[in-house]
Structures are given as C-alpha cells and as structure tokens.
Amino acid sequence: MHMLKIDNLHARVEGKEILKGLSLTVKPGEVHAIMGPNGAGKSTLGNVLAGRDGYEVTAGSVDFAGRDLLALEPEERAAVGVFLAFQYPVEIPGVNNTYFLRAALNAQRKFRGEEELDSMRFLKLVREKLKVMQISDELLHRAVNEGFSGGEKKRNEIFQMAVLEPKLAILDETDSGLDIDALKQVAEGVNALRSPDRSFVIVTHYQRLLDYIEPDFVHVLAGGRIVESGDKDLALKLEEQGYAWLAEKHPELRKADLTGEPA
Amino acid sequence: MTNAPSPFVRAALDAAAAVPATGIAWLDAARRENLEAFAADGLPEGRNEAWKYTPLRALAQRALALADRDAAGTLAVDAARIALPGVEGDRVVFVDGTYRADLSSATTTGIALLPLAGALAQNPEPLRFALANRYRHGAADAFAHLNAALAVDGLVLRVDDGVAIARPVHVVHVSSGAQADTAWHVRVLLDIGKAASVDVVEHYVTLGDAAQLGTVVTDIVVRENARLGLVVLQDASTATTLVRRSHARLDAGATATVHALELGGALVRHELQADVNGDGARFDSRGVFALSGRQHIDTQLEVRHQARDTASDALWRGIADGRSRGVFRGAIVVAEGADGTDASLSNKNLLLSGQAEIDTKPELEIYADEVKAAHGATIGQLDERSLFYLRSRGIPLAQARSLLTLAFCRAALESLPNDALREHLGDLLVAHLPTGPAAD
C-alpha cells in the first residue's frame, strides 16, 4: 500500500507551468530524495503538497493514504499527517514558540477526534523531543523563529516535526545554508524520527545531506518531471557529473532544464 | 450666519433647563456659559479639522433626552457583568451617569473616592479650576461644553501624598441601554498626591441594546514624583455612542501610563491630552482599537512637553474589519525650552477587510533644542507567509488569523499592571476579532 501517490501532476505559479507531469509513489517507511537543477520545480512540489496559495494545480492527482490531498485545506493536510519543513521558515514576532506548537498539535488532535493535551502533558512531550533535537529550551520561550540563526530555524523545523509526528515529512532544501555541524544535527534529528510507518521526501540541491540521511530512492527532477530514478548511487553520480549527461537519455529536455539557467 | 439649531442641540437645551442649580455661583455660571457656547457653536461639522474624519451628521439629527436618573439609580446590575480579573480594589459604579453608592465600595485608606455632589458639598474650592473651565475652541469643544453644562454627577478621586495604593481602583461606567435616544454625562477628577502611586481601571460596559450617548470628561493631576497607571477598557455595545476627553497634567518627576483597549461602541471618540509640565516627568500611552461591522472609533492623542528632560512613548495598534473606520491622530508637541525631551510615537494598523478604513496622522511639532523624537505610522494586512506557516502546522485559518492579530497588538498590552488583567484583556480582544475568513 502506498502512502503518497502523485500522478501526472501539473502545476502553475503566476501563470507559468512549473510541474509538467510529475509522478512519484512513496511507501510507508521509505526515504526519497529529490534532486535537480535550479528551477526544476523542487520547491514548487513541496508547496503544492502543503497547499500554499498561488500554486495552481492544472492536472493530475495526489493521493495520500486514500485521500485526495489536493482537496484539503493546508491545516487539514497537516492534521492528516503531512508536514513541510520550510526552506525559509517565517519569523512570527509576538507568537510564542511553545504556545504556537501546542495550538498546532491540539488543532491537529481535535481534527482527528483525539483528546487535546493540557499544558502539563504537552510540556512533558516537548521535553522528550527537545533531547532528540538538542535544542535549548531557551528557544521555546522566544517568538516563533524570531532572531533565530539559520541553523536554529532549521532545527526548529525538525523539532516541530518531532512534536507533531507526521506520517509524511517533506524537507524543502533543509540543508541549504547550514554548516556541517548544523547539517549533522538536522540529519540526526531526521534519522531519530525514521520509522516503518513514517516516510520522507527530501528535496535537496546537494548530495552532502544524503551522506547523513541515507535515502532508499533518489530521483532527478528536471523540466517539471521526474526524469531519472535510482538508489543512493545516483546521487553520487550527480555529484560527480552534474545533470548534463541526462540530455542524451532525455532529448525532450531543453539545455536550460538541466543547467538551471533561464531559458 | 445663524443656522437653525439641530435636533441634537435643541434637545440638549431642553435637558439643561431641567438641571437644578448648585447654588455655587461660579459653578452655575460656568455651566450656563458652557451651555451658551454649545448652543452658539453646535456640533462640529466636516470642515472642522479636529473632527474631519468623524462625521456627526447622523448624531446631529437625534434628539437625546437625559437618561432617567431615578431608573438609573435602581437598575439591577449583575456584579459578574462588571467584575474584572486582577481588579479587586475599591470600586465606583455609575449607571447612565448616576453614581450608585449601593454598587460602590471604598475601604482603602489613603484614597478618597467621592461622588461629585458630595465633594462639592464638602469643599468646592479645590474643584474650581477644573469645573470652571470654559473650553475656548468653539465647536471642536462641543462635547466638553455639553458635559460641563449637563454632568451633575461624577467622581473625585484623591490619593494622599506618599501613599501607594496596592490594588487597582475600578471605575465602572454602565450604560443601561434601557431607553433609546437618551444621554448621560459624567465628570471625573483624579488627583494623585505627591509621591503617591495608584492604578485606576476605567471600564465601560453596556447592559441593553438601546442606543445611548455617554460623555465623560476627566481631569487628571499627577503631582510631583507621583505615579498613575490608567487602564481604559471600553467594551460598550455597538449601539453606544461615547465621547470622552481625558486631560492629564504631570508635575515634576511624575509618571503616567495609559493603556486603552477600545472594543465596542458604534461611534467612539477619545481625546487624550497630556501636559508634561514638570521637569523629568514621563507620559506613556499604549492602546489597541479593534473595530468590526460599521464601528467608528477615533482616538486623538496629544502630548505636550513643556519642561526639561521629559519623556513620552506612545504605542498604538489599530485593527479594522468589515466596513469599520478607525481614526488615529497622534501629536507630540515639544515646547520652547523643553530641552532634553525624548518622545516617540508609533501607530501600526491592520486592515482585515477591503471595505474597512483607517486614517492615521502622526504629527510632530518641535520648538526646543536637544530633542530626541521619532514617530511613524503604518497600515498593512496580515502577512500571508505567516498565515500559511501557521496553517501548515495544523492551525485552522480563523485561529491563525486571530493569533497573528493578537501578536500584532502584543506590544501594546504587555505592560498592563498585572497578569490576570493582561490575560483577560487579551481574551476579550481575541473574542472580539473576526473568526471567519476575510470579508473581502
């Protein structure tokens, strides 16, 4: 049984078609890495799956554990178990990090018909998860992402994931802008959350992250579609050779689709 | 040129005829002259700069009788309706402008809470300066004239020199909402003795649905090295018209902090003026006005620095939804010789609907040297990226909107005198915010 089945997905942003027939199937427990040149549609995929305004799906379908994901509001997608770790987490002054996270968890639980957590039980849960992410509880007392360093923001994303316990986590270039220590910490956090019934889609520009989070599958996203799939060796090949070699196999791709430069 | 007086003015003159004389010559003369000025000038019109954004055409057509004082004196008021968390000190209650001894309680030593009539009977002289005011700005002062002529009841609050009052004093103005097209008027004097300290919570509530007008004119003196915390919670019904003027004088070393939360009312005007008269005095104001439906709330803040090394900080937030209209004018005047003044003013506004409107006007007039002054005003919308971020974590749209709106106001509410009151006002604000999708 699949967890996520994307079939022939077409999506537009500001009138421009970015995804052009993307298909991908993810089973429970699997880790899929999606790589690709700039402008291939990597971030668009995450935003479409999370339901961001302005991303218009023109064709295709996304099935998430038997539900039509595209018919759900963003908050409903979260409640059924989809989590997007943002490439650029937003700073929200005036909203306390802990308050926000408890409101989020309880809103999800309420949607699923589960009992809401009181503040005692919530704090207990948070303390357990803090250990996993090696986050100082000082961050919890601050406003959401406000004044956080780049690394702190990304770790906060993974920490939120640990608390919310999604079924499917999409990491949108979580490694970008991280130094090697921060990268390792993020990877350790993700690895601690791997389980037979939790899947990951890791969107990344660099092979480096995959040294620490070992994927089951690696896909190349170019020209708005998955054009190549393989195991982790594919990532190494891309690291060594770039994307140009794909032109021979896929004559339909324009040069710009593989170099990431504007057409 | 004389226009025929409007129904509003004619009704006020009729009401004044029924107000008994006090027998205090200077007071009766002041009432008469203020009434004459009101009759001559009428209500301010659109070309009056101070009232430019708050049209009174509809009010001018209403003939308002004075609220029935006998009924107001006996109306049942549920104590739970006026109770406020964190405000458990002495209490003074007015119903439709009538002092209610039965609902009021004053047991704290070092502070006197007298109904105006009682204070006048005791010794009118100390009240003379405030009550003999003639208000010289013509129609712009129409409601001050009206209040001076018609307010027979009120409050005189005095804190003795050197006394710190621990528990906030609760001053409640209840509009009965019992009878449409009636008006009430209250006069308030706060006199904070030298080096004294007190928190006062001025609280507006409405019981029924009938459309009433209330006016409150407050004169505040914060004497040398004294401290006043004034919290205004305006939670009147959306049928209520409220016009208030609060003037504070700060002597040397005095500090006053005003917090205002304006939630209710159909048409609300608040003129908040501070004369920072003594060296080293400080006047801070924080306010939130949150409007929806067809509400109109107009805040006119004016801080005048008249002495050396004085400071003021004004931080106001406005939220307008539906077809509401918010008006904010914030003026800082630094007089000649008020060197070393440090003044700042910030007014940020959030438009939650395409049909709502906010007019904001920060003003700075500086006639002194060595002054630090900053002011700014913005009007914006909720940040779409922040909304999506919250929703992507499972927080429903309506909750995400109110979370961000409350966050927008947080800076204005965080310095309230105690946690219980701060939480309560935050809850009231959230309950008042729209929960549905944007109206536009």
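Start with chain A: its secondary structure comes to nine helices and twelve strands. Helices (H or I, at least four residues) and strands (E, at least two) are DSSP runs, numbered from the N terminus. This is a predicted model, in which local features need pLDDT of at least 70, side-chain atom pairs count only at pLDDT 80 or more, and totals for chains, interfaces and linings use all residues. Residues are numbered from 1 along each chain as its sequence is written, while chains are lettered from A and ligands numbered from 1 in the order in which they are written.

**Stop 1: chain A as a whole.** The C-alpha atoms of chain A fill a box of roughly 60 × 40 × 35 Å along the principal axes. Of its 263 residues, 44% count as buried. Buried means that 20 or more other C-beta atoms, placed from the backbone, lie within 10 Å of the residue's own.

**Stop 2: the four-stranded sheet.** Select E2, E1, E4 and E5 of chain A, in that order: they form an open sheet with antiparallel pairing. Its edge strands are E2 (16–26) and E5 (67–68) of chain A, each pairing on one side only. Strands pair if DSSP finds at least two bridges between them. Now zoom in on E1 (residues 4–13) of chain A, which pairs with E2(A) in the antiparallel sense over eight bridges. Show A:Ile6; its bridge partner in E2(A) is A:Leu24.

**Stop 3: the six-stranded sheet.** Select E6-E9-E10-E3-E11-E12 of chain A, an open sheet with mixed pairing. E6 (82–85) and E12 (225–230) of chain A are the edges. Neighbouring strands here are turned by 20° against each other on average, direction ignored. E6(A) and E9 (residues 168–172) of chain A pair in the parallel sense over four bridges. In E9(A), A:Ile170 is the bridge partner of A:Leu84.

Axes are lines fitted to C-alpha atoms, for helices over the stretch in contact, and angles run from 0 to 180 degrees between N-to-C directions.

**Stop 4: A:Phe83.** What is in contact with A:Phe83, leaving aside neighbours within four places in sequence? Select A:Ala78, A:Met161, A:Leu164, A:Pro166, A:Leu168, A:Ala169 and A:Ile170. Contact means C-beta atoms, placed from the backbone, within 7 Å.

Then widen the view to the largest nonpolar core, with 210 residues. A:Phe83, A:Ile170, A:Ile202 and B:Val222 have the most contacts inside it. H10(B) gives the most to this core, with nine residues. Such a core is a set of buried Ala, Val, Leu, Ile, Met, Phe, Trp, Tyr and Cys residues joined through C-beta atoms within 7 Å.

**Stop 5: where the chains touch.** The contact takes 17 residues from chain B and 19 residues from chain A. On the chain B side, H9 (384–392) and H10 (397–413) are the elements that give two or more residues. H9(B) has the largest share, seven residues.

**Stop 6: H8(B).** Finish on helix H8 (residues 142–150) of chain B. Nine of its nine residues are buried, so H8(B) is largely enclosed by the rest of the structure. B:Phe143, B:His145 and B:Asn147 are among them. Show its packing partners in chain B, including H1 (7–17), H2 (25–41) and E7 (182–192).

How values were computed. Buried ≥ 20, exposed ≤ 12 C-beta atoms within 10 Å, placed from the backbone. Contact = placed C-beta atoms within 7 Å.
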